[in-house]
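Welcome, and please open the model in your viewer. We will go from one selection to the next, with a short note on what to look for at each stop.

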Amino acid sequence: MHFLVAEIPITIPENAGEIVETVKANPQLLAILIGIGVLTAALFVWGIMKHAIKAVIFGGVLSVGAWFWYFNIR
């Protein structure tokens with residue numbers, strides 16, 4: 001992880017104001033960046049929900065199996 005931080009150019013903090021001004025001056029770039037941000041946020045939420053649904057289904061199957069074993073096999 002440390003090597004990743006070491007490779008970040010030192011000029012990025014110095015150029016941050018310039019980058020912000022460039023985005024403010026170009027409404028198309030701003031719209032593209034907002035669109036990409038919304039899309040990636042939606043994909044993140046979708047991925048979390050997909051994982052949660054899988055976990056719920058897996059837990060439900062285990063629960064049904066445990067109750068079935070307890071009442072019928074034991």
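Begin by selecting helix α3, residues 27-73. This helix has 47 residues, and from its first C-alpha to its last it reaches 67 Å, close to the 69 Å expected at 1.5 Å a residue. Keep in mind that you are looking at a predicted model. Among the elements of the protein, α3 has the highest mean pLDDT, 94.

Now go to the start of α3 and show the side chain of N26. One of its side-chain oxygens comes to within 3.2 Å of the backbone nitrogen of Q28.

How is an aromatic pair described? A pair of aromatic rings is described by the distance of the centres and the angle of the planes. With ring centres within 6.5 Å as the cut-off for pairing, the count comes to three aromatic pairs. W67 and Y70 form one that is edge-to-face, at 6.3 Å centre to centre and with 85° between the planes.

W67 and F71 are four residues apart in helix α3, which puts about one helical turn between them.

Show W67, Y70 and F71 together: they form one aromatic cluster. Is F71 buried or exposed? F71 counts as exposed because its relative accessibility is 57%. Y70, at 41% relative accessibility, counts as partly exposed.

Now zoom out to the whole protein. It has three helices and zero strands, and from the N terminus on its elements run α-α-α. Of the 74 residues in the protein, buried residues make up 1%.

For the last stop, colour by pLDDT. The protein has a mean of 87, and 81% of its residues reach 70 or more. Select helix α1, residues 2-6, where the mean pLDDT of 66 is the lowest among the elements. Where pLDDT is low, the predicted coordinates should not be read in detail.

How values were computed
Residues are numbered from 1 along each chain as its sequence is written. This is a predicted model: local features need pLDDT of at least 70, side-chain atom pairs count only at pLDDT 80 or more; totals for chains, interfaces and linings use all residues. Side-chain values use heavy atoms; hydrogens and water are left out. Rings of Phe, Tyr and Trp (its six-membered ring) pair if their centres lie within 6.5 Å; planes under 30 degrees apart count as stacked, over 60 as edge-to-face and the rest as tilted. Helices (H or I, at least four residues) and strands (E, at least two) are DSSP runs, numbered from the N terminus. Buried means under 20% relative accessible area, exposed over 50%, partly exposed in between (1.4 Å probe, protein chains only). The expected span of a helix is 1.5 Å times one less than its number of residues. A polar contact is a pair of N or O atoms within 3.5 Å; within protein, one must be able to donate a hydrogen and the other to accept it, and residues adjacent in sequence count only if both atoms are side-chain atoms. pLDDT is the predictor's confidence in each residue, from 0 to 100.
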